[in-house]
Amino acid sequence: MTSSIDFEIDDDGRMWRRGEPSEWIRVEQSGIHGSGVFAAKDIPAGTPIVEYLGEIIDKDEAERRGLEQMEVARETGDAAVYVFIINDDYDIDGNFEWNVARLINHSCDPNCESAIDEDDRIWVSALRDIKKGEELGFDYGFDLDHYLDHPCYCGKDGCVGYIVGRDYWDELLKKEKARLEKAKKRKAKRARKGKKR
């Protein structure tokens, strides 16, 4: 193993990263989606709030699980994939009840960010001061692959309507404009065909 990942190995030989609950947060019903994570007290900007925890897996297993979780999401409407990239060799599957960080919803105007520290630990930290009771959200950073499968419900000013990383917004807006224009033309064509009958 070439990584500096701090982990424990269970009886089945699986690698895990586990941690302690965070004093900064509580879980409640979210207006965005399902359960969300909220500030239990005022959180100063720059504070590491909660670590993203789970099973450490290689890239092949991450791909397999990601596809499997996407299929379940399509069938059930539940949140989809909780696999988070750690480094070039490993990812972490956070799809476990005790990983509270998995419940932090995406936001187009986030108050948090995720970052990987020098020990390959994934932390969610405050981008700005966060008031007690405020829902935490970070930019999931998704690319444009399958963006239509990931509508955004954050409701923030400037929300682009999809869970797509800010780096992709310009390209997303172009794609959406083209997609909507194509749909409008198809609708007009169907209307013309209907009048000919």
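Where is S107 found? I looked it up in the predicted model. S107 sits in the loop between β9 (105-106) and β10 (112-116).

**Entry 1: S107**

The relative accessible area of S107 is 4%. The cut-off for buried is under 20%, so S107 counts as buried.

I then looked for polar partners. A polar atom of the S107 side chain lies 3.1 Å from the backbone nitrogen of D109.

I also listed contacts, leaving aside neighbours within four places in sequence. S107 is in contact with G137, F138, D139, C154 and K156.

**Entry 2: helix α1**

I moved on to α1, which covers residues 59-76 and has 18 residues. From first C-alpha to last, α1 reaches 25 Å. That is close to the 26 Å expected at 1.5 Å a residue.

At the start of α1, I found a side-chain oxygen of D58 within 3.2 Å of the backbone nitrogen of D60.

Which residues of α1 are buried? I noted A62, R65, G66, Q69, M70 and A73. They cover an arc of only 140° around the axis, so they lie on the same side of α1. An α-helix has 3.6 residues a turn, so residues three or four places apart point the same way.

What do the buried residues of α1 pack against? I traced them to β6 (54-58), β7 (83-85) and β8 (90-93).

I then turned to the other side of α1. There D60, E63, L67 and E75 are exposed.

Terms used. Residues numbered from 1 in each chain as written. Predicted model: local features only at pLDDT ≥ 70, side-chain atom pairs only at ≥ 80, totals over all residues. Heavy atoms only, no water. Helix = DSSP H or I, 4+ residues; strand = E, 2+ residues; numbered from the N terminus. Buried < 20%, exposed > 50% of the residue type's maximum accessible area, 1.4 Å probe, protein only. Polar contact = N/O pair within 3.5 Å; in protein donor to acceptor, adjacent residues only side chain to side chain. Contact = heavy atoms within 4.5 Å. Expected span 1.5 Å × (residues − 1). Arc of directions from axis to C-beta.
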